[in-house]
Amino acid sequence: MFEQVKEILMDYTNATEITENSALEADLGLSSFDVVSIVTDFEDKFQIEIPDRDIGKFISVKDILEYLEERV
């Protein structure tokens with residue numbers, strides 16, 4: 001699942017390396033608007049719905065992975 005998440009994130013960042021510990025804003029340079037767009041991509045890719053209230057929980061790549069693993 002990490003590779004799938006990484007592939008989506010690569011479309012939104014110029015970062016050369018993405019790890020599970022990468023922070024979305026600090027390390028990858030993503031804005032809150034980017035994160036909302038990314039969430040839409042995750043919803044399409046994994047066929048799930050992510051409520052707006054959960055988007056704020058995504059601080060790092062690991063947060064995304066844990067969230068998706070619990071729901072996919």
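Modeller: Gladly! Buried means under 20% relative accessible area, exposed means over 50%, and partly exposed lies in between (1.4 Å probe, protein chains only). Helices are DSSP runs (H or I, at least four residues), numbered from the N terminus. This is a predicted model, where local features need pLDDT of at least 70 and side-chain atom pairs count only at pLDDT 80 or more, while totals for chains, interfaces and linings use all residues. Residues are numbered from 1 along each chain as its sequence is written, and side-chain values use heavy atoms, with hydrogens and water left out.

Colleague: What makes the buried residues of H4 line one face?

Modeller: Val61, Ile64, Leu65, Tyr67 and Leu68 are buried in H4. Their arc is 165°, so they line one face of the helix. Glu69 and Glu70, on the other side, are exposed.

Colleague: What do the buried residues of H4 pack against?

Modeller: They pack against H1, H2 and helix H3 (52-55), with contact meaning heavy atoms within 4.5 Å.

Colleague: Which residues does Leu24 touch?

Modeller: Leaving out residues up to four places away in sequence, Leu24 touches several, including Leu9, Val35, Phe58 and Ile64.

Note on methods: Helix = DSSP H or I, 4+ residues; strand = E, 2+ residues; numbered from the N terminus. Arc of directions from axis to C-beta.
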